[in-house]
Amino acid sequence: MKYLKKQPWEIDENQVTPENLFLNRRNFLKLGAAGLLSSASVIEALANTDLNFNDLKFIKDNNPNNLKLNTFEQITSHNNFYEFTTNQAKVKDVAKGMNTKNWMIEIDGLVEKPIFISFDDLVKKFDIYERIYRFRCVEGWSMVVPWNGFLLKDLIKYCKPLSSAKYVEFETLFDEDIFPDQKSRFLAAIKYPYVEGLRMDEAMNDLSMMAIGLYGKNMPPQNGAPIRLIVPWKYGFKSIKSISKITFTDKQPLNTWQEQNPREYGFYANVNPEVDHPRWSQAKERVLGSFLKQKTLMFNGYENEVAHLYKGMDLRKYF
Ligand code: MTE
């Protein structure tokens, strides 16, 4: 069964302005006419979206945080995806038409049995959730995104890692026909394939998700089609895109940005307004589409859910 679950810490739907709702316009008008968003009508409307959540459960509550979702346009027009280009405004154009047909995912390392599975088959195995998360880039911009996907902990259970597995490592596909910058070899912006990793307890945390869409649509190429990681309490570079390989290991992975510049980027990359980047303050952030900056929250606002993972650790050292 594919259905959507909502957790108490999730930002409420009431913060969504009508045009920002993840329903398409026609469906929204249909719902608007009904006056109230009953779960039955939302289910009906969402059945017509790309992701085809057939028996979606959706409950509209009050908005305790009074946060506002970024628009689909904002989320998909300012991107970091170096495999396409380092020009954030142009990623969407360069990535347009990205071929994700027959996308395969390899799962290996410290697992009972390696798995080689198509993206299409993999997604059928899990419950699909909506998760509305804050997303904070290390560069100082942020957004609020309604992601769709499955929980990383559910994927991990499916992979059957051995007890010796202490970390999960992720790799972006290396395919020069898809990603132009991978062709640039010595002149490439960064070393490819892009690599990221999580400690096993971080990966098993309820917040960690494998996103396959946003606003009820399949993941746009520029946001990491067809499948990417989302770890909302960490800087955005941890949220690796277009994943084709997952490896369980007993060694801490050397993630791409740490390898690029270990003085500036670490393995943990937890959002922390008190630990500045060597070249800029992390105390504030600019939400995409806003002029004024707002205060950055400890663990990006998810302190209650994740602070225990780092108990006793010096967060200046483990940055
Ligand atoms: N994943 C890959 N493969 N390549 C990248 O360049 N950029 C990272 C992360 N994942 C990146 C990546 C960075 S720096 C950020 S901030 C987020 O993707 C941006 O995600 P978005 O474009 O969906 O906002």
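A: A residue is buried when its relative accessible area is under 20%, exposed when it is over 50%, and partly exposed in between (1.4 Å probe, protein chains only). The model is predicted, so local features need pLDDT of at least 70 and side-chain atom pairs pLDDT 80 or more, while totals for chains, interfaces and linings use all residues. Residues are numbered from 1 along each chain as its sequence is written, and side-chain values use heavy atoms, without hydrogens or water.

Rings of Phe, Tyr and Trp (its six-membered ring) pair if their centres lie within 6.5 Å; planes under 30 degrees apart are stacked, over 60 edge-to-face, and the rest tilted. Tyr133 belongs to strand E3 (residues 129–136) and Tyr302 to the loop between strand E12 (293–295) and helix H9 (303–306), so the pair ties together parts 169 residues apart in sequence; helices (H or I, at least four residues) and strands (E, at least two) are DSSP runs, numbered from the N terminus. Tyr133 is buried at 0% relative accessibility, and Tyr302 is buried at 2%.

Tyr268 and Tyr310 also pair edge-to-face, with centres 6.0 Å apart and planes at 85°. Tyr268 lies in the loop between helix H8 (256–260) and strand E11 (284–287), and Tyr310 in the segment after H9, 42 residues apart. Tyr268 is buried at 6%, as is Tyr310 at 3%.
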